[in-house]
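Take a walk through this model with the sequence beside you.

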Amino acid sequence: MILDSELILNPDGSIFHLHLKPGQVADTVILVGDPNRVNIIESFLSNVEVKVSNREYVCVTGMYNNTRITVVSTGVGIGNIDIVMNELDALVNIDFEKRKIKDTLKTLNFIRIGTSGSLQKDIPVNSFVISQKSIGFDNLLCFYDKHETIENKEFKTAFKSHLGASNLFFSPYVIDASKTLFNKLNSSKTFSGITITSPGFYVPQGRELRLKAKLENINEKLSSFKYNDFRIANYEMESSAMYGLSKLLNHKALAICLIIANRLNKNANENYREQVKELISYVLNKITNE
Ligand SMILES: O=P(O)(O)O[C@H]1O[C@H](CO)[C@@H](O)[C@H]1O
Ligand SMILES: O=c1cc[nH]c(=O)[nH]1
């Protein structure tokens, strides 16, 4: 029996933060950072059956090409991913009446459509980048039991030694994306590679305004890492925990991001609404095309 204090439900029976009720979540879930992006995706959907919002979490369920899709905004950062992944999983895999884990568990497909900073000169602004692996600089997964069992350890050792393991004051973890989702979304229109999930936008991504970084030249160090044909493609702030919690809960996850800044070429596109729409349309067509 899962107690009230552990699984908090609102008086209307919806889950604490997302305000969704069981039955309102589709098997395919799109996660976005920006709540306004949910409205853009909603404009592509038909038969919208659910629209609820609370704090930064806006949730919509509707149809695209005969596929039921739920869209949820996560806001910025890893703490929100902990909330969103646990609550979406609870909505499909916990019986809210009996407060018990269901006997038959569901696997959801999570696709994150994000924005991102490129760490390679030849991945320009406006590119679409798929995160084949995500390296978390955020430590969230370390709090979860058995997280070691889903990590890519070989990769982690190589990466830590590249950064200088003895200097590290945090514990990077490496998690692979779902290969099934990668095969669905990968095409000649996309770049792919490793993504760094950063716990911050400024100094942790090498942006020094008034404060200096402890790890000097972090962007150059990251962009020069190579292992088994993989290189680091980009920065964002959510995919490592999304991948890690998906794996631990037996869901599938993949992140695809629009590059809005190139950290090495030092340029940015701050007016990216049209490109985000293109990415949304690309993803919706790929995931609903059997
Ligand atoms: O555009 P979203 O999906 O929010 O993604 C990126 O943008 C935010 C930072 O500006 C972070 O959440 C980062 O991951
Ligand atoms: O540079 C960037 C751009 C978007 N999101 C990030 O996390 N970093």
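Start at ligand 1. Around ligand 1 sit Val32, Gly33, Asp34, Val76, Gly114, Thr115, Phe201, Glu236, Met237 and Glu238; a residue is near a molecule if its C-beta atom, placed from the backbone, lies within 6 Å of it. This is a predicted model, where local features need pLDDT of at least 70, side-chain atom pairs count only at pLDDT 80 or more, and totals for chains, interfaces and linings use all residues. Residues are numbered from 1 along each chain as its sequence is written, while chains are lettered from A and ligands numbered from 1 in the order in which they are written.

What classes make up the shell around ligand 1? Four residues are nonpolar, three polar and three charged. Here Ala, Val, Leu, Ile, Met, Phe, Trp, Tyr, Cys and Pro count as nonpolar, Asp, Glu, Lys and Arg as charged, and the others, Gly among them, as polar.

Now ligand 2. Its shell holds Thr115, Ser116, Gly117, Phe201, Gln205, Tyr235, Glu236, Met237, Ile260 and Ala261. Five are nonpolar, four polar and one charged. β7 gives the largest share, three residues. Strands (E, at least two residues) and helices (H or I, at least four) are DSSP runs, numbered from the N terminus.

Last, the helices. α2 (residues 78-93) and α6 (residues 239-248) pack at about 30°, with axes 9 Å apart. Axes are lines fitted to C-alpha atoms, for helices over the stretch in contact, and angles run from 0 to 180 degrees between N-to-C directions. So α2 is roughly parallel to α6, a label for angles under 35 degrees.

Technical notes:
Angles under 35 degrees count as roughly parallel, over 145 as roughly antiparallel, 65 to 115 as roughly perpendicular and the rest as oblique.
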